[in-house]
Amino acid sequence: MKREFLQNLKIGDQALTKEVIDLIMEENGKDIEAAKKPFADTVRKSMRFVSQPG
């Protein structure tokens, strides 16, 4: 999610405050990191395989 999207989002006539946007971005970052975890070992193993001299 991009910060710009949230800055342009309005509820009624009100834009979201910087504090609210910061909280949403922080939570989104946590979600992204949690979603990447299951793939971390696979990526590490692939990188070792690729970096080994042939």
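## Close-up views of the predicted model

View 1. L9 sits in the loop between α1 (3-8) and β1 (10-11). The structure shown here and in the other views is a predicted model. With a relative accessible area of 32%, L9 is partly exposed. Together with M1 and F5, L9 forms a nonpolar patch on the surface. The accessible area of M1, F5 and L9 together is about 300 Å².

**View 2. The chain as a whole.** Two kinds of element are present: 2 helices and 2 strands. Read from the N terminus, their order is α-β-β-α. Of the 54 residues in the chain, 7% are buried. The chain exposes about 5000 Å², and 60% of this area is supplied by carbon and sulfur atoms. The structure contains 5 salt bridges; some of them are shown in the views that follow.

**View 3. The salt bridge between R3 and D22.** The side chains of R3 and D22 form a salt bridge, with an N to O distance of 2.8 Å. R3 belongs to helix α1 and D22 to helix α2 (residues 18-51), so the pair ties together parts that lie 19 residues apart in sequence. R3 is partly exposed, at a relative accessible area of 34%. D22 is also partly exposed, with a relative accessibility of 26%. R3 and D22 belong, with K18, to a network of salt bridges.

**View 4. The salt bridge between E27 and K30.** K30 and E27 are joined by a salt bridge whose closest N and O atoms are 3.9 Å apart. The cut-off for a salt bridge is 4 Å, so the pair is counted at 3.9 Å. Both residues are in helix α2, and because they are 3 residues apart, about one helical turn separates them. K30 has a relative accessibility of 47% and counts as partly exposed. E27, at 42% relative accessibility, counts as partly exposed.

**View 5. The salt bridge between E33 and K36.** E33 forms a salt bridge with K36, and their closest N and O atoms are 3.1 Å apart. The two residues lie in helix α2 with a spacing of 3 residues, about one turn of the helix. E33 is partly exposed, with a relative accessible area of 42%. For K36 the relative accessible area is 45%, which makes K36 partly exposed.

Key: Residues are numbered from 1 along each chain as its sequence is written. This is a predicted model: local features need pLDDT of at least 70, side-chain atom pairs count only at pLDDT 80 or more; totals for chains, interfaces and linings use all residues. Side-chain values use heavy atoms; hydrogens and water are left out. Patches are made of residues with over 30% relative accessible area and no salt bridge: like charges are joined within 9 Å, nonpolar side chains (Val, Leu, Ile, Met, Phe, Trp, Tyr) within 5 Å. Accessible areas come from the Shrake-Rupley method with a 1.4 Å probe; for residues, only the protein chains shown count as cover. Helices (H or I, at least four residues) and strands (E, at least two) are DSSP runs, numbered from the N terminus. Buried means under 20% relative accessible area, exposed over 50%, partly exposed in between (1.4 Å probe, protein chains only).
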